[in-house]
Amino acid sequence: MYRHLEHRLARHVLEFLRRRYPAATLPNVVMEQPPRVELGDFAIPIFPFAKPLRTAPLKIAEAIRADIGPIEGIAEMQVAPPGYLNVKIDRAWMAAALAADQRPPADIPAGKILVEHTSINPNKAAHIGHLRNAILGDTFVRLLRYAGREVDIQNYIDNTGVQVADVVVGFTHIEKKSRAEIEALAGQPRFDYYCWDLYARVSQWYAQDKQNLQVRAQTLHGIEDAASETAVIAELISTAVLRRHLETMGRLDIEYDFLPRESEILHLHFWDAAFTKLTDSGVLTFENEGKNKGCWVMRRAGTDRVARALLPATADANKTNGSDTPDDLDDLLIAIPLKPGVDFRLSGISEEDQKVIVRSNGTVGYVGKDIAYHMWKFGLLGRDFAYRKFYRYPNLHDCWISATEGEKDHPHFGDVAEIYNVIDARQSEAQNTVVEALRGLGHNETADHYTHFSYEMVALTPRCAAELGYTLSEEDKARSYIEVSGRKGFGVKADDLLDQLIVSAKSEVDSRHPQLTDAERLSIATQIAIGALRYFMLKFTKQSVIAFDFKEALSFEGETGPYAQYAVVRATSIFKKAAMDPDIFCREVAGDVSAGDFARYLAGDNADEIWELWLASAKTSYIVSQCIATTEPAYLARHAFQLAQLFNTFYHRHPILSEPDEKRKQFLLATVAVVRRELIRALAVMGITAPPVM
RNA sequence: GGGCGCGUAGCUCAAAUGGAUAGAGCACCGGAUUUCUAAUCCGGUGGUUGCAGGUUCGAUUCCUGCCGCGCCUACCA
């Protein structure tokens, strides 16, 4: 509603100025919010118009105010020095629309969106860093769906990489376990915890003797051959850990539609298809000298092509195709899985700007697989996975997994219009390389619909690390935060944190509501714990490193999820006390408050406080669109908090059920009902529900 | 060395494409309820926005340089 009105106002102002100054080229109308609600609901800075119109800002503002004429939903305009046009909304009009829950139809872009998030290596338990990823990703999915978009959720599983290999090494070489023993362990409740510890031990084992790294190489090689015993064990372990991850995320109400695995990208030869296209287009080039001799390389994203001209040694090597192939190239080609007749070029890229995609031994690196995978995402590869059902959620939603041979009937995945990859900031260079590959293939427009949803890591404060029993170097103690490391087993496990939050919330609920059954109290405590955790991960902007601290994360007061949940509970309790159903009241009664009553009770300066509550309630979809446009869910968290804060102030100042004026009481109840509805919606987009009591 | 990012109150963080008096939470101090339960509310203390220039009617925001910190920069993923 708010968003709609803002657009309408901007359009009217611009049209007015066009009529008044037909000759001038006008800048965009910028909409802001005045610092205080008394000043108005929209603020339009007029300064940018002064120069093109050769008129003082105040004069322009005055002209608009006096002559623009009536606009539906706008009550009045005021000119404010040094050059603002402040606009007040017709409060009764807006309140009536909001009470009736009118939502003007928005233009929803066509096309499916693919959001990839979580993507934890399936070799150990999920930790708080993974939680941030999954919560950001899941919230972004909810934002898109709230805005009416169709979304597929994918969780990429790197089940053939070094990390899985390392745990396989742990089981087979350190613990010397048989396949049957591993299978038995994998059936244990928190198998991922077992792997967490083992993974850290493997890292130590490598550090003890560099010779041990050869075992890793052998294991990695073994995994790629699907028929080998090593591959079977790796599959066994990674699948069991993957199930644990789905369970962990399921506790937070985070679900996936499809789990593409690296093993299928390998076995279905996605890379071969991509390789042909990449070499044909000259994106991928061959390097025949220097440290990357014998590799297929790409230009590192962000490096400048001009730089190459400064390197005389490589100038000749970039002539275009194989016609000027050096003599020794044929030898090198034997080691490379090249089809005859493939057209290729020599790289001619300076060494430091090269990104190795195919190693000289012919194996493909991570970025190469990622390029192929992203071509598939956009339907550009010409190949598809096979699919089978993997996991059924309690709500009966099925999560599918990639397979070499799958089920006949399956949903259509991939081939989407837009993608968002929730991946931490450390991988932005790799992400950019994938985008550049798409551009190089001529898919510029497609590349524009590729968004790296980049966020910073979760680290531990030195105090937190000490609490966990880690001994810190003097250097680490002086840092403001210390990076989590799965390799070292250094971090806070997701399930542990959630358990702790539940225990902590439970003791609060126990003391407040002893009359409830234990199951009821546990259910409430769980909702509170999830609310606290999800809010905590969303309140920080993406680019801020979260220095994790138990005291803050376990807090249920102040700017927290439970604070917002509590506001909903309070709103609900008013209706409960009055023996009314808040949802029914909101749907069927709130809209009956007459325009006259809205006008009366929202008029004047002393109604500003209540109006502010209505205004904030009107902003939910506006905020949602801001979050999507900026890929920043933190704005929504802030909005929910502000709504809750305004409500708590209102709740404190205005006794509602004891209000003697029956019409005013209805108005106040409508206020509560609308705020409650919008707060519940905002929280739902963050994956937070409000318990019945707190 | 190069690339990306960060530096705001004692602490943790906000501040939408540059806008009106830089805001919250925590901590600390002082208050509020026999009411729709206080996981709440009200008030107070707390700032040279790292430093120096520049652009602009206007800079926490944009540009340049410097200082400090983090991440990336592997034929790892």
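## Elements facing the RNA

Seven elements each supply at least two residues of the surface near RNA strand B: α2 (47-53), β3 (84-89), α21 (494-512), α23 (550-553), α24 (561-577), α28 (620-630) and α29 (634-653). The largest share comes from α29, which gives 8 residues to this surface. The model described here is predicted.

By residue class, the surface near RNA strand B divides into 31 nonpolar, 16 polar and 20 charged residues.

Some polar contacts can be described atom by atom. A base nitrogen of RNA strand B has a polar side-chain atom of serine 360 at 2.5 Å. Another contact uses the protein backbone: a polar backbone atom of isoleucine 656 is 3.2 Å from a base nitrogen of the RNA strand. At glycine 558, a polar backbone atom is 3.3 Å from a phosphate oxygen of RNA strand B.

## A sheet of three strands

Strands β7, β8 and β9 form an open sheet in the order β7-β8-β9, and their pairing is antiparallel. The edges are β7 (285-286) and β9 (354-358); each has a single partner strand, so one side of each is left without a neighbour in the sheet.

Strand β8 covers residues 296-299 and is joined to β7 by 2 bridges, with the two strands running antiparallel. Threonine 285 has valine 297 in β8 as its bridge partner.

## Aromatic pairs

The structure contains 34 aromatic pairs. A pair of aromatic rings is described by two values, the distance of the centres and the angle of the planes.

In one pair, the ring centres of phenylalanine 275 and tryptophan 296 are 5.1 Å apart and the planes stand at 85 degrees, so the pair is edge-to-face. This pair links distant parts of the chain: phenylalanine 275 belongs to helix α12 (residues 270-280) and tryptophan 296 to strand β8, 21 residues apart. Are these two residues buried or exposed? Phenylalanine 275 has a relative accessible area of 8%, and the limit for a buried residue is under 20%, so phenylalanine 275 is buried. Tryptophan 296 also counts as buried, because its relative accessibility is 0%.

A second pair consists of tryptophan 376 and phenylalanine 385. Their ring centres are 4.8 Å apart and their planes are at 75 degrees, so this pair is edge-to-face. Tryptophan 376 and phenylalanine 385 are both buried. They also belong to one aromatic cluster, together with Tyr156, Phe258, Phe270, Tyr373, Tyr387 and Phe413.

## Charges over rings

The charged end of arginine 243 sits over the ring of phenylalanine 390, at 4.3 Å from the ring centre. Lysine 493 lies over the face of tyrosine 193, with a distance of 4.9 Å to the centre of the ring.

## The chain as a whole

Chain A has 694 residues, of which 54% count as buried. Its secondary structure includes 30 helices and 16 strands. The C-alpha trace of chain A spans about 90 × 75 × 60 Å along its principal axes.

Terms used: Residues numbered from 1 in each chain as written. Chains lettered and ligands numbered in written order. Predicted model: local features only at pLDDT ≥ 70, side-chain atom pairs only at ≥ 80, totals over all residues. Heavy atoms only, no water. Polar contact = N/O pair within 3.5 Å; in protein donor to acceptor, adjacent residues only side chain to side chain. Helix = DSSP H or I, 4+ residues; strand = E, 2+ residues; numbered from the N terminus. Nonpolar A, V, L, I, M, F, W, Y, C, P; charged D, E, K, R; others polar. Pairing = 2+ DSSP bridges. Phe/Tyr/Trp six-rings, centres within 6.5 Å; stacked < 30°, edge-to-face > 60°. Buried < 20%, exposed > 50% of the residue type's maximum accessible area, 1.4 Å probe, protein only. Lys NZ or Arg CZ within 6 Å of the ring centre and 35° of its normal.
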